[in-house]
Structure formats: structure tokens, C-alpha cells
Amino acid sequence: MFRSAIRGLRRVQHQAQQSRYLNVHEYQGAELMATYGVNVPPGVPVHKLDELKGAVDRMKDENGEIVLKSQILAGGRGLGTFKNGLQGGVHICKEAEVHGLAEKMLGQTLVTKQTGPPGKPVNTLYVAAKMKLVNEMYFAILLDRQSAGPLMIGCSEGGTSIEDLAEKFPEKIVKVPVDINEGITDAQAMEMVNGLNVSSDKAAAAEQIKALYEVFTKSDCTMVEVNPLAESADGKLIAADAKLGFDDNAGFRQKDLFAKKDESQDDPREVRAAKVDLNYIGLDGDIGCMVNGAGLAMATMDIIKLNGGTPANFLDVGGSASEEQVVEAFKILTDDTQVKAILVNIFGGIMKCDVIASGIVKAAKQVGVKVPLIVRLEGTNVEAGKEILKTSQMAIITADDLDDAATKAVASLN
């Protein structure tokens, strides 16, 4: 159950970037954690090649080595591949090698298990000090439905994906639920430290666990994942690499955090949709969907699949969409070259079907829809709405019910 939950989280983050989780880059997360007293490796973000030398001079060790890390909002960077052929998004390298590697990394696209084939652009490199780590562990804090609060998860083995760890070492997985009202206790922090098999100063390690919990609660996180959480040669517990996710609902009180959002890591269509308050997630199919209501949108995609088609997106315009939103929704759908047909499925509840139909016609005329447009309306003033569609002098295919709409959408592709 634990493995499936983690896989589900990974899948949602990959397919639905416009979820309710803001993500920040590794260097941004390190800066945040350091403000709460969490031990993090020293590092300098680099956005341009001419910033590289100063960063290397600051971070190189006695052997002239640093760690050069691609900054993308996805895991698996170390085993990733750049589209230019360079293997690996994280490199331990000597000073003389840094510039040549950076040229092949900065501004390039990195493909990992979690990005999918399109990959993610690398607009920032993180020049970090090479740490002498003697023991690597896994640590995370997630929101847990079962305990209705934060759940700390640890494993005395780390440095690789939690899916693999859970499969190879299920007996080493430690889970400690925390009461959201009481907060983390000294006993709970020590339970996690013992579960991680920390060999150095356990009291100091427990303080680090408590500091990570403080990051989670005070920053409105949905996830704090540290992999690896490691012991250094001098006995300190260090968050060597971390991934942080934040609740979008807390944006009003975490303005500084949300100002760090990197829209280059998101699907451009999802960025456009978010700016006009539309819920959009790009998928791999060829039937564009525009629906009001998340549940109805999910049902629409299911019916399309049941009829042999594949949805190109999830698009919920909400229960009170304005004409501007409908127009922008049509623009997003028609700008997607993989969309070969559009299915509009609207239930007129708060909004009346005749008002919705007028908006659809105006939007379709303004945008200039060049693919089959199938519209299904149901609800208040539905007959008036259908009449507006019928007399619009546009090639709109009307449907009587959802199954009829999906059947006609699939058939229109042929």
C-alpha cells in the first residue's frame, strides 16, 4: 500500500503539473530549509555561464572538485539524459571540466523517468560543495489521509528512489504519524532517528528531524522529501538533496515562496489556463474536452475512452465560467496540434444553457475552430440553448446525452 501511494504521488506530479502543489528547485529548497536550522550542503545557483567561475571558486574542495547539478522540477536527474546526448544531470567534476559540462547542461533539455519523453528545460545549475557522506538514508513528511495529518517516513537505506527502497527493504521502512494539533514530540523525533539507524549524535539528529517538521508546517508544505538524508564525516545529519511541495491554497500567506514559481517547468498550456482560472491538464489523446465541473470532466474522459477514443486534456471551466474564460479555453484547445476534435460537455445548473450556448458560439466564431466541434448541453433552458447552437450557422454537432456526444466525437475523427 505504501509503494502504491508513493507511485501515485509520482504519477500525479508527472501528469498533473497544475495540481495544488507548488514545487521549488533544489537550491531554493536548500535556502528555505537553512532558515529553519536544517543542515544543507553549501551551494551557489548559476543562471549564466559567466557566473560559473565565481561559484566554482567558492565551492571547490582541496582537490578542486565540485558537484554540478541540473535544476529541474523532477526526480531521477542523476540517471537522466540530455536531448543533446549528455548522460546524467548531476556530475562530480574537477574545476577544469566544469565549463565544458555546463555548456552541455545549461539551456538544454533533460529527460528523466519522471519528466516523460518531453523532458524539462535546465535554466539553472547548482554548483554545490562535494560532501563527504558516510551514511545515506531516506526521510519524508507527507500528508496522510488515514491518520488525517502529517506522516513521517524513514528508511535507513537511501540515495535511490523510495519505490526501489520499499521493494528491496520493506522491513526498514519506518512510519511515524504526527498529531497536527500537538506537533512533533521529542519521543517521535527520536523514534525516527532510531529507525534511520543514525550512528552519530542522536540528540542533534532529533533536532534536525524537528527542524524539517517545522519547515513542513510553517511553510504549508504538502511534502518534504529528503533523499539522501546523510551523515557527514564530522557527524552531522545533512539534508543532502531535498524536494519540497507546497499547498497552492496557502499562496496568500506564503507570497515570497510562491514568487519563486518557475513557470518554464510547466506545460505552457497549463500556465495559460491558470492565468484565467481554468483547471487544465494536458494528456496524450486527440479529443479536446471542455467541461464544467471536475466530476463531469472525469466522467467525460471515461466515456470517451469507453467509446474507443482518447482525451487530449482535462479542462474544467467551472460552474460560472465567463465568456472570456470560454474563449481562452477554445484558444488553448485549438492551439494544441494534437487535438483533432473538440467535445464540449456542459451541465447548466447555476448558469443557464442558453447563456452557455451563446458563449460557446461567440467563442468558436472568435477563435475559428477548424476541427469537428461536438456540444452536449443539459440543464436549465436546454432547449433554448440547443436552438442557439442550431441557428448559429456553424458546423456544430449537437448531442443528446454524454454517450451520444462521445460516440460522435470518436466518429468525427474518421
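1. Are Tyr-27 and Tyr-126 buried or exposed? Both are buried: Tyr-27 is, and so is Tyr-126. Bear in mind that we're looking at a predicted model here.

2. On the aromatic side, searching the whole structure turns up two aromatic pairs. One of them is formed by Tyr-27 and Tyr-126, with 6.2 Å from centre to centre and 40° between the planes, so this pair counts as tilted, falling between the cut-offs of 30 and 60 degrees. The pair ties together distant parts of the chain, as Tyr-27 sits in helix α2 (residues 26-35) and Tyr-126 in strand β8 (residues 125-128), 99 residues apart.

3. Next, have a look at helix α6 (residues 186-195). Its buried residues are Gln-188, Ala-189, Met-192, Val-193 and Gly-195. Viewed down the axis of α6, they fall within an arc of 165°, so they line one face of the helix. Asp-186 and Ala-187 are exposed, on the face turned away from that buried side.

4. What do the buried residues of α6 pack against? Their partners are β9 (133-144), β10 (149-155), β11 (173-177) and α7 (202-218). After α6 comes Asn-197, with a positive phi near 60°.

5. Last, the helix pair α9 (residues 268-275) and α11 (residues 323-335): they pack at about 175°, and their axes are 10 Å apart. The two are therefore roughly antiparallel to each other. On the α9 side, Arg-269, Arg-272 and Ala-273 make the contact, meeting Glu-328, Lys-331, Ile-332 and Asp-335 of α11. By type, the residues of this contact split into five charged, two nonpolar and no polar.

Key. Residues numbered from 1 in each chain as written. Predicted model: local features only at pLDDT ≥ 70, side-chain atom pairs only at ≥ 80, totals over all residues. Heavy atoms only, no water. Phe/Tyr/Trp six-rings, centres within 6.5 Å; stacked < 30°, edge-to-face > 60°. Helix = DSSP H or I, 4+ residues; strand = E, 2+ residues; numbered from the N terminus. Buried < 20%, exposed > 50% of the residue type's maximum accessible area, 1.4 Å probe, protein only. Arc of directions from axis to C-beta. Contact = heavy atoms within 4.5 Å. Axes fitted to C-alpha atoms, helices over the stretch in contact; angles between N-to-C directions. Parallel < 35°, antiparallel > 145°, perpendicular 65-115°, else oblique. Nonpolar A, V, L, I, M, F, W, Y, C, P; charged D, E, K, R; others polar.
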